[in-house]
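Student: I would like a close look at a single part of this model. Please walk me through that part and then its surroundings.

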Amino acid sequence: MSTTIGILSPGDMGHTVGTVLRQNGLRVITCLEERSQRTCDLAQKAGIVNVQTYIQLVTEADLIMSIMVPAQATSAAESIAQALKQVDTDLTYADCNAIAPQTVRKIDGIITSAGGNFVDASIIGPPPRKPGSTRFYTSGPQLYVFTELNQYGLDVRTLGEEIGLASAIKMCYASLTKGLTALCTELLTAAEVLGVSDALQQEFQLSQAPLYERMERGLPGMPPKARRWIGEMEEISDTFSHVGLTPNILTGAADMYRLVSDTSLADLSPEAQDKFPTLDELIAVMAEQLQKK
């Protein structure tokens, strides 16, 4: 049974997962090498122990959970693989990132060729601050190692022994949630530039009230996440292309998040909720940014 869990990296999601595991009796460690000051502060806040090297991390941890932006998933696995080659350990590495099934299979090869065990995992829902809010899907021949975390505060659900299944469900799910957020941002920005914002808002309130309420509730907190979501949209695009579907819908969503990333709102900290814009303020900023291009 896993008693020490490594978290790479204890950012928004990672430090909350670490907090849950600690509160349920597990030791949680990380290696903060080359991490931002904010990540270091979040790790300290969560009581996650920093070890100095990746070799120490793979030696002390029974299971490492990689929870990072998609663009860093492969390089993180390569760093762990280099450390694994220098020690004798029965480590399991769970990639929990929002990446395409074909990407996760490459990472499986990186870890297993270095002597580690591998689990494909994905996270659906917000950081698990309250029970029932977040699901951890998992697949692969070693998934039983990850499912032990059901006993330590996480909701882990298995999909089978094939590497790629857990990543696939994340790709399909996020194409709706984050793809829809990008579409809503785009259409509201277009309406603002075209001079029909007020009329469109009234029509939405008449015929699409639940969706418009979701826009008002969800879009203002999106800008601080936009840079992270670019890579996620690109991974979904690659997933759909791999099975013969058009990648263009989600590459367009990535473009929208790039536009958001160019605004000052993207520099807000996720913790600075008192500084988040209203929906109208967000769209005004987006329209202004568009007209600068």
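**From the sheet to a helix**

Tutor: In this predicted model, Asp-120 stands opposite Ser-139 of strand β7.

Now step back to the whole sheet. It is open and has 8 strands, in the order β3-β2-β1-β4-β5-β6-β7-β8. The pairing is mixed. Strands β3 (49-50) and β8 (156-158) are the edges, and each pairs on one side only. Helix α4, residues 73-84, also packs on the sheet. It touches β1, β4 and β5, and its direction makes about 175° with that of β5.

Next, take helix α1. It has 12 residues and reaches 17 Å from first C-alpha to last, close to the expected 16 Å. Of its 12 residues, 9 are buried, so α1 is largely enclosed by the rest of the structure. Among the buried ones are Asp-12, Met-13, His-15 and Leu-21. After α1 comes Gly-25, with a positive phi near 100°.

What does Thr-16 contact, leaving aside neighbours within four places in sequence? The partners are Gly-11, Pro-127, Pro-128 and Arg-129.

Definitions and conventions: Residues are numbered from 1 along each chain as its sequence is written. This is a predicted model: local features need pLDDT of at least 70, side-chain atom pairs count only at pLDDT 80 or more; totals for chains, interfaces and linings use all residues. Side-chain values use heavy atoms; hydrogens and water are left out. Contact means heavy atoms within 4.5 Å. Two strands pair if DSSP finds at least two bridges between them. Helices (H or I, at least four residues) and strands (E, at least two) are DSSP runs, numbered from the N terminus. Axes are lines fitted to C-alpha atoms, for helices over the stretch in contact, and angles run from 0 to 180 degrees between N-to-C directions. The expected span of a helix is 1.5 Å times one less than its number of residues. Buried means under 20% relative accessible area, exposed over 50%, partly exposed in between (1.4 Å probe, protein chains only).
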